[in-house]
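Let's walk through this structure together, one piece of packing at a time. Have your viewer ready, and follow along as each part comes up.

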Amino acid sequence: MDMLSRRDVLRGLAASTAVVSVGHGAVAQTRIASGEALVQSAGLSGDVAFVVADLRTGQILESRKPGQAMPPASALKSITSMYGLETLGSQFRFGTQLIATGPVANGIIQGDLILAGGGDPTLGTDDLNEMAKALAAKGVRGVSGRYLTWADALPYAREIADDQPIFASYNPALSGLMLNFNRVHFQWKRSGNGWALAMDATGQTVQPTAYTASASIVSRASPLFTYSDRGGVEKWTVASSALGRGGSRWLPVRHPAAYAGDVFQTLARAQGVPLPPPQSIGRFPGGSVLVSHASNPLPPLLRAMMKYSTNLTAEAVGVSASLRRGAGGSINASGRAMSDWLQARTGARSAKFTDHSGLRADARIAPVDMVTALRTLGVPVGLRGLMKPFKLRDATGRYMKSQPFAVDAKTGTLDFVSTLAGYMTAPDGTELVFTIMTGDLARRRRYLGQARPPGQTDWVRRSKILQSQLLERWAAVYGA
């Protein structure tokens, strides 16, 4: 395997200028600032590290602090995608089943009905509705025993990261049975002197009420939300000052098996299949499968994950891969297992992962190790085809209307952390692989827990402008 050198190799660079013209105006220029000059002019606090290499040969063309381990943020999903594809295979699908512990006689299941989750993070309300229809189509009209939920296909975690706002829908629980990315839909609108509130599991075709969650309005300026889960119901209070005339948002679910079980009970009742209240079980009793639902195969599932940066998908895929390898047991343990895998496959000594989504800021990897992984592992599994096309930004931070070279990459953003990792095709057809990492962890720690830290928006804007400027430079210098 042709491994990347870890040395800071700078080739083909003029210290601050080069004579290049590539057309289209995006990188056409006669003076091209050096990478270091671009970093200095960006005015970013904290650290900036990057590596760009020739995709075919692996030669490092330009780098800055290539071995400095930094938080990858959501760019870690690129590693998770490779880990999942290599371990689970491209034909892998998550499954959800309705299982009867006894036969069906005169429309009644002689035993228990189990809603058994297989760890599908993409299971939606419409999918459960189709399962309820299929159950009714088999002539089932009820159960003589219990209605159960089983969620132990994946280990339960109350949240992915513990340093996010409590209302962040991108930081829900992980479980073997999940619904709507473990989010509940909260709606409000003015009604008389107050508000009309609703908590539901809205889908494209159905909108069942979520009885496992409730919300109430409290007259206060802050905090925006509070949460408690006493009595088996996830209870939210919302500051009245933040509501306005009306609106909606998704809120995270901490008890996903109860949520999915409750919603399916409502949907089944609408199909003429009344069920008793759901009960959770830990030991899977087995039985006959009546209805099955399968997720998309892994590649399109990962493509959607990369496009929308869905944290729950990353954790479900990563933990499933670790379990397949006989490792894991928790998100953190599974992250360590993925670190060990990457080190064994590429020699990435800097890799120290604590999750699979990058939502935790204590994950680390160096740009040179990320580039090595993208090149040696990403190319064989078709990683570039799963990535989202990246649009360049101009000096004001606005997206450019056109660009003369293609970039496919995964972004990653946390408070005072911004990463971009992927592939680019220069104007002359040269294929490059790169990673750009920026982070001010001191400022991040200073404002930890604040929903909108002061200076965060401008800091990220400057980082994203720098990313585009570096890509423009590399396209001009190495592929004009």
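Predicted model: local features only at pLDDT ≥ 70, side-chain atom pairs only at ≥ 80, totals over all residues.

**Helix pairs and cores**

Let's begin with helix 5 and helix 6, whose axes approach to within 9 Å and cross at roughly 140°. That angle makes helix 5 oblique to helix 6, since only angles over 145 degrees would count as roughly antiparallel. The crossing of this pair is left-handed. On the helix 5 side, the contact is built from L298, L301, L302 and M305, and these meet T313, A314 and V317 of helix 6.

Now turn to a second pair, helix 3 (residues 125–137) and helix 4 (residues 256–270). Their axes also come within 9 Å, and they cross at roughly 50°. Helix 3 and helix 4 are therefore oblique to each other. Here helix 3 passes helix 4 in a right-handed crossing. From helix 3, the residues T125, L128, N129, M131, A132 and L135 take part, and from helix 4 they meet A260, V263, F264, L267 and A268. This contact divides into nine nonpolar residues, two polar and no charged.

What does the largest nonpolar core look like? It has 60 residues, and I79, L342 and L374 are those with the most contacts inside it. Several elements each supply at least two residues of this core: the helices are helix 2 (76–88), helix 5 (298–308), helix 6 (311–324), helix 7 (331–346) and helix 8 (367–378), while the strands are strand 1 (47–54), strand 19 (417–425) and strand 20 (431–439). Apart from this core lies another one, of 44 residues, which includes A132, V206, L251 and A268.

One last stop is I114, which sits in strand 6 (residues 113–117). Is I114 buried or exposed? With a relative accessibility of 0%, I114 counts as buried, because the cut-off for buried is under 20%. Leaving aside neighbours within four places in sequence, I114 is in contact with Q97, L98, I99, T101, L148, W150, P285 and G286. For a sense of distance, I114 and E159 are 45 residues apart in sequence and 25 Å apart in space, C-alpha to C-alpha.

Definitions and conventions:
Residues numbered from 1 in each chain as written. Heavy atoms only, no water. Core = buried A, V, L, I, M, F, W, Y, C linked by side-chain atoms within 4.5 Å. Buried < 20%, exposed > 50% of the residue type's maximum accessible area, 1.4 Å probe, protein only. Helix = DSSP H or I, 4+ residues; strand = E, 2+ residues; numbered from the N terminus. Axes fitted to C-alpha atoms, helices over the stretch in contact; angles between N-to-C directions. Parallel < 35°, antiparallel > 145°, perpendicular 65-115°, else oblique. Left-handed = near helix turned anticlockwise from the far one by under 90°. Contact = heavy atoms within 4.5 Å. Nonpolar A, V, L, I, M, F, W, Y, C, P; charged D, E, K, R; others polar.
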